[in-house]
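Q: Could you walk me through how this one is packed inside? Let's begin with what counts as a core.

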Amino acid sequence: MTARRAWTRVMIVPALLLALAACAKNGERAQEAGAVAADAAVASPEGAFLAYEHDVQVQLEAAQIAPRIQQVAQACQNAKFGECAVLQVDQRSGEQPSGEVKVRIAPKGVESLIGLAGEGGKLQARNTRAEDLAQQVADTALTKARLEKEHARLLSYQDRGDLKIEDLMAITTRLSEIEAGVEQANKDAAQQRRRIDTQLVTMHFDTTSGQRSRSEIGEALSESGSILSTSVAFLIRAAAALLPVGVVALVMAWIVRALIRRRRRKP
């Protein structure tokens with residue numbers, strides 16, 4: 001019986017180890033799949049011209065906000081999660097510190113950067129939206145193609161030897177305008193491409209609700225002295241303003257009372 005129990009234990013232990021190992025692998029695969037799904041959720045579909053923007057609200061302990069803002073900004077500047085550019089850093093101190101970091105980052109780094117921003121805190125809210133730039137991209141390409149075609153046609157006219165001086169000057173002026181238009185179209189196309197290839201992420205940092213409540217109570221207590229002094233000062237001013245009126249009223253009442261007494265004494 002003892003030998004059978006020992007044999008059973010020998011068989012069960014390896015089986016349990018194999019099961020635990022399988023669960024761990026499945027967990028890792030699930031995490032990897034979750035990360036891939038999260039990245040895919042914010043990636044622009046193939047052939048689409050979508051400009052994504054993300055707004056994230058993060059709650060942290062007051063002492064963590066300033067270091068976290070610097071950490072997120074440095075991670076972006078150092079391209080820790082891919083191509084990234086810091087657009088704005090706003091930090092406010094005091095009893096209720098807060099801040100904001102705005103970046104433009106490659107799609108694959110969006111989730112990692114948001115994860116860094118909310119590490120050790122609470123992701124209070126998140127909003128993701130996309131603007132369809134397909135029409136703008138098409139209009140810019142059409143404008144550029146039209147200007148380039150006109151530019152080539154005017155160059156062919158410019159080479160003619162029978163042109164008058166005024167016609168040549170008009171063509172030269174128009175060529176300059178077309179070149180400026182092509183340059184602007186190139187800038188518009190580059191900006192549109194940048195908005196499509198990278199995504200705008202705005203991270204707002206704020207203190208936790210418990211800290212805000214304590215801060216509001218402390219602020220109310222600190223303001224109670226000034227409120228009391230203001231109220232007392234108001235009462236003093238009101239008393240000073242009403243004092244002359246009260247004196248006049250007392251004098252008038254005394255005169256009226258004296259007149260009434262005199263009439264009563266007359267037979």
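A: A nonpolar core is a set of buried Ala, Val, Leu, Ile, Met, Phe, Trp, Tyr and Cys residues joined through side-chain atoms within 4.5 Å, where buried means under 20% relative accessible area with a 1.4 Å probe and protein chains only. This is a predicted model, in which local features need pLDDT of at least 70 and side-chain atom pairs count only at pLDDT 80 or more, while totals for chains, interfaces and linings use all residues. Residues are numbered from 1 along each chain as its sequence is written, and side-chain values use heavy atoms, with hydrogens and water left out.

Q: OK, which residues have the most contacts inside the largest nonpolar core?
A: They are V72, V101, V103, V201, M203 and F205, in a core of 20 residues. Two or more residues come from each of β1 (50-60), α2 (62-77), β3 (98-105), α3 (110-117) and β5 (199-207), these being DSSP runs numbered from the N terminus (helices H or I, at least four residues; strands E, at least two).

Q: And what is V103 in contact with?
A: Leaving aside neighbours within four places in sequence, the contacts of V103 (heavy atoms within 4.5 Å) include C76, C84, L113 and V201.

Q: Switching topic, which cysteines does the disulfide join?
A: C76 is joined to C84, with S to S at 1.9 Å, the criterion being cysteine sulfur atoms within 2.5 Å. Both C76 and C84 are buried, and their link is left-handed, with -100° about the S-S bond.

Q: How many residues of β1 are buried?
A: In β1, 8 of the 11 residues are buried. β1 pairs with β4 (residues 122-132) in the antiparallel sense over 10 bridges, and with β5 in the parallel sense over 8 bridges, pairing needing at least two DSSP bridges.

Technical notes:
Buried < 20%, exposed > 50% of the residue type's maximum accessible area, 1.4 Å probe, protein only.
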